[in-house]
Amino acid sequence: MKRFTKKNYVVALLCFSCMLFCSCRHKNQEKEQTSDKFIFFRDCGTYGEKFVVYPGQGGDSRELFFDVSTKKVRPFCFDPGCEHKEAIYDENGNKLSSGCPSYDYTGMPVFLSGEYLYFFMSRCLYQADRQGNNRKKLAELTKPYEINSTACYYTDEALYVSYRLPYEYSLTENGSKEWVAGALKEKPETGVLRIPFSGGSEEVVFHSDEFYEMQIPELWYYEGKVLFLVLSKDRPTVMWDGNEEDWLEQIKEERKHTFWELYDFTISSGEVKRICGPDYQADPYFFSEVYGIERESGILDLYRYSGERITSTEIAVDPSVISDCNIIGWDKETTEGVMISEQTGEVIKRSSLTWNDIVLTVAVGDSFYGAVNDGNSWVYAYISSKDFWEGNKEKIILFQE
């Protein structure tokens, strides 16, 4: 949940293979579900207007549930008799007692759709009832894909997720499937999987091993299409020693070898199409109807997904908030919260709250989520959009149990 400083940003760019672009980038993932409005998955949490399912911190390995209506946190478990303890195993790994299901949802988001709950665990996609019971395995991956759990999107019919295959793997039949890594590939395979809720094998929607380093840090939904960002490098990252000024020079050099492209997958036809990639290298940010390219000054150039340039923002803005409408971020000069029109680049709203009060990361309708630094660590936090724009700092709710 920690916000990037300029120095952190430098390190992130240099360490492309474990890039953290996804921690402050922007998706439009708005889709009406039967019962719950699900929008975003980020920081290993599932965010909706009425709830958040997120992992515990500080050694707590459970999934926790924050209820917006009550402003309370509980383990993500619906069994009224559960004591929320871990399962007990003997020295041979045999289960002696059942544990709380809140310990089982790990590595990927929990998704609520209609009467069912979906989650991904141990390379398998599962369906269960709302209580996490009556589990049914829908699909098991046929290869040991390294799943990027921060780059995924659920529709009502499938899970779409980014993957990498950096090794040449072999399969050992030893009573059960066991994948064994072999030689590291010179150029790793990177792509997008579609895993259907109806069951069956995964489908590779897109894949490539054209470049030395590749990442797909963003997936999001827009008008019947799953869009995804591909970041690539035409050479391995070169690491230099030196002070911060040297690092800034290195960033400029590394950017000459770093490329991004934007693709879309049309769900109805199954067609993948390359939309665009800018002629110059800068940082892409994605919103509900446009994407933005950040200049060195902090001004954003705004483009439609067709590649048509719309306008520029009127102020330097740090768009660190994932939003389903307009651009919500921070005025770089005053650090105040701002909402900027995607179509005109003008400031629509301004808050007296700053990123020192609460570091917003997700905005879903009337629910704004982020983190507050309590002096020792970053703690998950909530504030309604009304209270944020009115500057009501006392209305910030911390919800880490």
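Q: Which residue in E19 is the bridge partner of Tyr263?
A: Arg274 in E19 is the bridge partner of Tyr263. Strands here are DSSP runs of E with at least two residues, helices are runs of H or I with at least four, and both are numbered from the N terminus. This is a predicted model, in which local features need pLDDT of at least 70 and side-chain atom pairs count only at pLDDT 80 or more, while totals for chains, interfaces and linings use all residues. Residues are numbered from 1 along each chain as its sequence is written, and side-chain values use heavy atoms, with hydrogens and water left out.

Q: How many bridges join E18 to E19?
A: Five bridges join them, and the two strands run antiparallel. Two strands count as paired if DSSP finds at least two bridges between them.

Q: What sheet is that in, and in which order do the strands come?
A: An open sheet of four strands, ordered E16-E17-E18-E19 with antiparallel pairing. Strands E16 (213-222) and E19 (271-276) are at the edges with a single partner strand each, so one side of each has no neighbour in the sheet. On average, neighbouring strands of this sheet are turned by 25° against each other, direction ignored. Axes for such angles are lines fitted to C-alpha atoms (for helices, over the stretch in contact), and angles run from 0 to 180 degrees between N-to-C directions.

Q: Switching to E21. Why is it called largely enclosed?
A: Because five of the five residues of E21 are buried, it is largely enclosed by the rest of the structure. Buried means under 20% relative accessible area and exposed over 50%, with partly exposed in between (1.4 Å probe, protein chains only).

Q: Which way do the residues of E21 point?
A: Val290, Gly292 and Glu294 point one way, and Tyr291 and Ile293 point the other way.

Q: What does E21 pair with?
A: Strand E22 (residues 300-304), running antiparallel and joined to E21 by five bridges. The bridge partner of Val290 in E22 is Arg304. The hairpin of E21 and E22 has five residues between the strands, and Gly298 takes a positive phi near 100° there.

Q: Now the rings. How many aromatic pairs are there?
A: Rings of Phe, Tyr and Trp (its six-membered ring) pair if their centres lie within 6.5 Å; planes under 30 degrees apart are stacked, over 60 edge-to-face, and the rest tilted. By this rule there are 24 aromatic pairs. Among them is the tilted pair of Tyr54 and Tyr380, at 4.6 Å centre to centre with 50° between the planes. Tyr54 is in strand E3 (residues 51-55) and Tyr380 in strand E31 (residues 378-384), so this pair ties together parts 326 residues apart in sequence. Tyr54 and Tyr380 are both buried.

Q: What sort of pair do Trp260 and Tyr291 make?
A: Their ring centres are 5.6 Å apart and their planes at 85°, so the pair is edge-to-face. Trp260 is in strand E18 (residues 258-266) and Tyr291 in strand E21 (residues 290-294), so the pair ties together parts 31 residues apart in sequence. Both Trp260 and Tyr291 are buried.

Q: Which residues do ring pairs link into a cluster?
A: Tyr54, Phe66, Tyr369, Tyr380, Tyr382 and Phe399.

Q: Where does the charged end of Arg74 sit?
A: Over the ring of Phe65, 4.4 Å from its centre. The charged end of Lys187 sits over the ring of Tyr212, 4.9 Å from its centre. The rule asks for NZ of Lys or CZ of Arg within 6 Å of the ring centre and within 35 degrees of the ring normal.

Q: Thr354, buried or exposed?
A: Thr354 is buried, with a relative accessible area of 12%, and lies in strand E28 (residues 347-354). Leaving aside neighbours within four places in sequence, Thr354 is in contact (heavy atoms within 4.5 Å) with Trp330, Thr334, Thr335 and Glu336.

Q: How many helices and strands does the protein chain have?
A: Three helices and 32 strands. Buried residues make up 54% of its 401 residues.
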